[in-house]
Amino acid sequence: MCGIVGYIGNKKAKSILIDGLTKLEYRGYDSAGLTIMENENFKTLKNKGRVKELSELVNQESLTGTIGIAHTRWATHGKPSSENSHPHNDNSNTFSVVHNGIVENHIELKNFLKDHDYHFLSETDTEVIPNLIHYYFAQEENETKEAFLKAVHQTCHHLKGSFAIGVLSTHFPDIMIVVRKDSPLVIGKGDGENFISSDIPAYLAFTRNFYLLKDNEFAILSKENIAFYDDNLHPLTKESKKIEWNATSAEKNGYEDFMLKEIYEQPTAIRETIGSHLMAGQSCRFDELPFTKDFLNSIQKIYIVACGTAMHAGLTAKTMLENICEIPTEVDIASEFRYRKPLINKNTLCIFISQSGETADTLAALKLAKSKGATTLAISNVEGSSITREADFVTYTHAGPEIAVASTKAYTSQITLLAIMVLYFAEILEKNTSTLQDIKNSILELPTKAEQLLSNLTEIKNFAKEVYQNKDVFFLGRGLDYNTAAESSLKLKEISYIHSEAFFSGELKHGPIALIENDTLVVSILTVPDLIEKSISNIQEVITRGAKTLIITDKNVENTNFTKIIKIPETNHFLSPILSIIPLQLFAYYITKQKGLDVDKPRNLAKSVTVE
Ligand code: M6R
């Protein structure tokens, strides 16, 4: 999704802006641009393509300005082109704007502006914003900073949709105005300099102190000061947040790609996520979820709502909630949930899972659930992200920043956190303690088992090299193993562009087996004790039809008909999705490397999907 950065200080803005944009590249984009204030005039440079190309363009100019805004665009309205790239300036070149989000009523606003003699150079929804600001500023009696703020405020009140906006004006060359609603934006506070950005890691190397803007809060930034205003433009006092991550934890740490680094960070991510929620010999702890037995008994249904990988994590939580806590649970894809009129009332608990905490569909689903009276609980990896600010209750995974578009460590951390949370509910509900104890012990062993697994995976790398030219790969599983099949299939297709699908093994005979022919690759996951024999019969059926088979299992499955068996450490079967996915993440990774593709930034995808 689009990324915004901005700088106001004493240093040359150009390299700081390019640096910030580079850090936001992981969000996905197709064009980039910047505006720098040069002697009270704008210098706006933008192009279709990578930040590196923008940087080359910028370096051809001798730009000395110390204030600027910049943007990476992920096309929604209008094709990727330099005209459609941000920043967008108004007709008189006095207001320059970067925007993340969507102006849903842009056609209506464009028509209004055209009636007032404004014209448009791009196909974007964003271009209405600087022109509307110009329009409202022109209505003000005096050309003051207050009038500038009022013009931005009035403009925002006419925008339907989501926005995070940074605005510069040649009338006031020493300030910048920012505002957000349903799109991310943070402000970094430095010493004699300030920063804006779509996320914290972009400027972690410059400052650790960040302000998190709430919806419809405005800020005026100068070099020395940041003034905050609420939606009525009354001054606000805000506390900055000290970020403890170190800047290098957002870098590659010597790994070839972020995805590989993040796969190998899983033991740490799981350990950090377990944190103080679960300690040997103690009850589970979630101080942030002060639920009582009466409250949990009053819950008639739980909905787990999320997108993509986060939704797959929810599938495992559903099995645990139903089997251990005996609470009926449904897992919903957020984009479906928000439109399918789900049956929600005050006896519903809705759990929203999102690594970024900014996924537009998940956020909208949360707002819907809240409006219907459900209790809402958010699980995110990003402190202060939008869903965490909307939900009644919040708990965090501690996977650290995840940069690769393909989610890996966030997924295993999500299942880990959800598993402990289910046990916490079960303890409150006074469920069978011996089962709970076994799962708790197994959770505590997970980081070590993940380490063991990761230290011995050359076989999967070699197998990936053998099969990387396959056109189709199918993944099979029953019960919890299906969840790993679904997640592995998503991982493979999103980064290698190989067609892949996941099926419940038992469904094969009802259609999918027709796809099997000589040398089709079928990957099967075998960990759920009661279902192993049945799954093996299904694998036999595809072998008979000529398929090659890769088996991921924690059992001693001897079968000379299987093409390759990868053995993983055994754990309590509820937790097996946390370990069984790891070799398959690497399988997707090595196939993609073998194909020579960009693992971290697959085509057409964005890390954080902040539009519907
Ligand atoms: O940030 P979120 O967890 O809300 O993101 C949800 C999905 O967009 C995300 O998991 C996506 O499916 C990943 N690219 C999968 O690797």
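**Entry 1: α7 and α13**

I noted that α7 and α13 run roughly parallel to each other, because their angle falls under 35 degrees. The model I am reading is a predicted one. For the pair itself, I looked up the axes of α7 (residues 266–274) and α13 (residues 409–428), which come within 9 Å and cross at roughly 30 degrees. I recorded the crossing of α7 past α13 as right-handed. On the α7 side I listed Q266, A269, I270, T273 and I274 as the residues that meet α13. Their partners in α13 are K409, T412, S413, T416, L417 and I420. I kept in mind that an α-helix has 3.6 residues a turn, so residues three or four places apart point the same way.

**Entry 2: domains**

I looked up how the protein is divided, and found domain 1 (3–247), domain 2 (252–451) and domain 3 (458–594). I then took the centres of domain 1 and domain 3 over C-alpha atoms, and they are separated by 46 Å.

**Entry 3: α16 and α18**

I next went to α16 (residues 480–496) and α18 (residues 576–594), whose axes are 9 Å apart and which pack at an angle of about 20 degrees. I put these two helices down as roughly parallel to each other, since angles under 35 degrees count that way. Their crossing is right-handed.

I wrote out the contact residues for both helices. From α16 they are L480, D481, T484, E487, S488, K491, L492, I495 and S496. From α18 they are S576, P577, S580, I581, L584, Q585, A588, Y589, I591 and T592.

I also checked α16 by itself. With 17 residues, α16 reaches 25 Å from its first C-alpha to its last, close to the 24 Å expected at 1.5 Å a residue. I found α16 mostly covered, with 15 of its 17 residues buried. The residue that follows α16 is Y497, and its phi is positive, near 60 degrees.

**Entry 4: α9**

At 1.5 Å a residue, its 18 residues should span 26 Å, and the end C-alpha atoms are 25 Å apart, so the two agree. I counted 13 of the 18 residues of α9 as buried, and the helix is mostly covered. E326 follows α9, and I read its phi as positive, near 60 degrees.

**Entry 5: α4 and α5**

I looked at α4 (residues 128–139) against α5 (residues 145–157), and their axes come within 8 Å and cross at roughly 125 degrees. That angle makes α4 oblique to α5. I noted a right-handed crossing where α4 passes α5. The α4 residues that meet α5 are I129, L132, I133, Y136 and F137. In α5 I listed A147, F148, A151, V152, Q154 and T155 as the residues they meet.

**Entry 6: backbone in the loops**

I checked the peptide bond from H86 to P87 and found it cis, with omega near -5 degrees. I placed P87 in the loop between β4 (67–73) and β5 (88–89).

I then looked up E40, which is not a glycine but has a positive phi, near 65 degrees. E40 is in the loop between β2 (31–38) and β3 (41–48). I took E40 as exposed because its relative accessibility is 53%, and the cut-off is over 50%.

N216 is another residue I checked; its phi is positive, about 60 degrees, although N216 is not a glycine. I found N216 in the loop between β11 (209–212) and β12 (217–221).

**Entry 7: F163**

I turned to F163, which lies in strand β7 (residues 161–169). Its relative accessibility is 1%, so I counted F163 as buried, the cut-off being under 20%. Leaving out residues up to four places away in sequence, I found that F163 touches H99, N100, C156, V179, R180, K181, S183 and N216.

How values were computed. Residues numbered from 1 in each chain as written. Predicted model: local features only at pLDDT ≥ 70, side-chain atom pairs only at ≥ 80, totals over all residues. Heavy atoms only, no water. Helix = DSSP H or I, 4+ residues; strand = E, 2+ residues; numbered from the N terminus. Expected span 1.5 Å × (residues − 1). Buried < 20%, exposed > 50% of the residue type's maximum accessible area, 1.4 Å probe, protein only. Domains from an automatic or database assignment. Axes fitted to C-alpha atoms, helices over the stretch in contact; angles between N-to-C directions. Parallel < 35°, antiparallel > 145°, perpendicular 65-115°, else oblique. Left-handed = near helix turned anticlockwise from the far one by under 90°. Contact = heavy atoms within 4.5 Å.
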